[in-house]
Amino acid sequence: LHAADRRAAGVSIEAVRSALSSTRSAELVQACLEHHLTEGSLTASGPLVSFPGAGATLTPAEQAHFEALVNALAAGGLQPPTVNDLTGSLRVSRDVLDDLLRLLVGNGDACAVTPEIYVNAAAMEALGERVREMLSGGKIGTPKAFKDEFSLSRKYLIPLLEYLDRTGVTRRVSEGRILVG
């Protein structure tokens, strides 16, 4: 599985289970996974497992695209180029770009706001902090207030707000958004 997807940081635990469960019991597969994780012959990172020290293997061209992608997302802030735009500007296939974006998200360097919008993680963190400040004390944030505060078009504002809802920062109510917790 590692060899089949060399640009992946690891292999989904579910893919390992699926690949092995056709010939072995699910309990045996789970026991083996747990044993190898405990012994250190496999490592886990979220839903992925890998051999120790294994991870994504990028060609020099892919590494250059990866670095250009990091720079493009950082420069874009809360209004980064879309995946479609990145495919053209980086001159990279959609498959390779999807793998590179998955690596960035897996590394914690980017957030998948929508399938077409990825935002630099530091920019998302700053947005979350500013939203927390805006909504502190039980205040309700209207779309207009967010638009005025961040000077974002609806193309970006609504997906960003929905991302904050999905990640538990805010919750949508009839008047706008409130802080969760």
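Me: Where does Val49 lie in this predicted model?
Reply: Val49 is part of strand β3, which covers residues 48-50. The model is a predicted one.

Me: Why is Val49 called buried?
Reply: The relative accessible area of Val49 is 5%. Buried means a value under 20%. Val49 is therefore buried.

Me: What is the separation between the C-alpha atoms of Val49 and Ile13?
Reply: Those two C-alpha atoms are 6.1 Å from each other, while along the chain Val49 and Ile13 are 36 residues apart.

Me: What makes β2 and β3 a pair?
Reply: Pairing needs at least two bridges between the strands. Between β2 and β3 there are 3 bridges, in the antiparallel sense. The two strands therefore count as paired. Thr43, for instance, has Ser50 of β3 as its bridge partner.

Me: In what order do the strands of the open sheet stand?
Reply: The order is β1-β3-β2, with 3 strands and antiparallel pairing.

Me: What makes β1 and β2 edge strands?
Reply: β1 (11-12) and β2 (43-45) each pair on one side only, and that makes them the edge strands.

Me: How do you know that β6 and β7 are paired?
Reply: The cut-off is at least two bridges. Strand β6 (residues 170-173) and strand β7 (residues 176-179) are joined by 4 bridges, so they pair. The two strands run antiparallel. Thr170 has Leu179 of β7 opposite it.

Me: How many residues does the hairpin use to join β6 to β7?
Reply: The hairpin passes from β6 to β7 through 2 residues.

Me: Why is Arg91 called exposed?
Reply: Exposed means over 50% relative accessible area. Arg91 has 74%, so Arg91 is exposed. Its place is the loop between α4 (83-90) and α5 (94-107).

Me: Where is Ser151, and what is its phi?
Reply: Ser151 sits in the loop between α7 (143-150) and α8 (154-166). Its phi is positive, about 50°, although Ser151 is not a glycine.

Terms used:
Residues numbered from 1 in each chain as written. Predicted model: local features only at pLDDT ≥ 70, side-chain atom pairs only at ≥ 80, totals over all residues. Heavy atoms only, no water. Buried < 20%, exposed > 50% of the residue type's maximum accessible area, 1.4 Å probe, protein only.
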